[in-house]
Amino acid sequence: EAAGKYKNNKEYMSVAFLMAGNEELKQKMKPYFDMDEGFFKSALMFEKEDFSTSLQVMAKLAVHLFNNNETVDPLDLIGYLDEDNFELALQVIKFRKYGLDQGYTAKDGNMMIR
């Protein structure tokens, strides 16, 4: 199983958790994020997919946390994300820093880091 293969890879798991927390983001990113091989065709994704402003911020955050090929202004997180996506973004940033040591609990279908 891919998640098992990459469970200690914070870059990979950051993308997986963002996708798990937002269904529309997941549907748009899934064709470009190879869950088996652990690579992300992010340039092609941004070329082919039409993102709302908030979803584009989330997608850029995913790419930034994965391989730093995009940048995300913290003010974009504050200005464009609704409360649920902002909380998801903060939790994924914490996960990327601290890894799985945080433990998880479900809140409104989103994966949360304690």
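A salt bridge here is a side-chain nitrogen of Lys or Arg within 4 Å of a carboxyl oxygen of Asp or Glu. With that in hand, welcome to the close-ups. The model is predicted, so local features need pLDDT of at least 70 and side-chain atom pairs count only at pLDDT 80 or more, while totals for chains, interfaces and linings use all residues. Residues are numbered from 1 along each chain as its sequence is written, and side-chain values use heavy atoms, leaving out hydrogens and water.

**View 1. The salt bridge between Arg 96 and Glu 11.**
The structure holds one salt bridge. In it, the side chains of Arg 96 and Glu 11 meet at 3.4 Å, N to O. Because Arg 96 lies in helix α7 and Glu 11 in helix α2 (residues 10-21), the pair ties together parts that are 85 residues apart in sequence. Helices are DSSP runs of H or I with at least four residues, strands are runs of E with at least two, and both are numbered from the N terminus. Are these two partners buried or exposed? Arg 96 counts as partly exposed at 26% relative accessibility, and Glu 11 counts as partly exposed at 28%. For these labels, buried means under 20% relative accessible area, exposed means over 50%, and partly exposed is in between (1.4 Å probe, protein chains only).

**View 2. The whole protein, for orientation.**
The protein has seven helices and four strands. Follow the sequence and the pattern reads α-α-α-β-β-α-α-α-α-β-β. Of the 114 residues in the protein, 39% are buried. The accessible surface comes to about 6600 Å², with 46% of it belonging to carbon and sulfur atoms; areas come from the Shrake-Rupley method with a 1.4 Å probe, and for residues only the protein chains shown count as cover. Among contacts with a separation of 6 or more, 47% join residues 24 or more positions apart, where contact means heavy atoms within 4.5 Å.

**View 3. The largest nonpolar core.**
A nonpolar core is a set of buried Ala, Val, Leu, Ile, Met, Phe, Trp, Tyr and Cys residues joined through side-chain atoms within 4.5 Å. The largest one has 30 residues, and those with the most contacts inside it are Val 15, Leu 18, Leu 25, Met 29, Phe 40 and Met 45. The elements giving two or more residues to this core are α2, α3 (23-29), α4 (42-48), α5 (53-67) and α7. Which element gives the most? That is α5, with nine residues. Take a look at Leu 25: leaving aside neighbours within four places in sequence, Leu 25 is in contact with Leu 18, Phe 51, Leu 55, Met 58 and Ala 59.

**View 4. Helices α5 and α7 side by side.**
Two packed helices are described by the angle between their axes and the distance between the axes. Here the axes of α5 and α7 come within 11 Å and cross at roughly 0°. That makes α5 roughly parallel to α7. From α5, the contact is made by Met 58, Leu 61 and Leu 65; from α7, by Asn 85, Leu 88, Ala 89, Val 92, Ile 93 and Arg 96. The axes are lines fitted to C-alpha atoms, over the stretch in contact for helices, with angles running from 0 to 180 degrees between N-to-C directions. Angles under 35 degrees count as roughly parallel, over 145 as roughly antiparallel, 65 to 115 as roughly perpendicular and the rest as oblique.

**View 5. Ala 89 and Val 92 on helix α7.**
Ala 89 is in helix α7 (residues 83-98) and counts as buried at 1% relative accessibility. Beyond residues up to four places away in sequence, Ala 89 touches Met 58, Leu 61, Leu 77 and Leu 81. From Val 92 to Leu 18, 74 residues apart along the chain, the C-alpha separation is 6.7 Å.

**View 6. Ser 14 on helix α2.**
Ser 14 is buried, with a relative accessible area of 1%. Not counting residues up to four places away in sequence, Ser 14 touches Leu 65, Val 92, Phe 95 and Arg 96.
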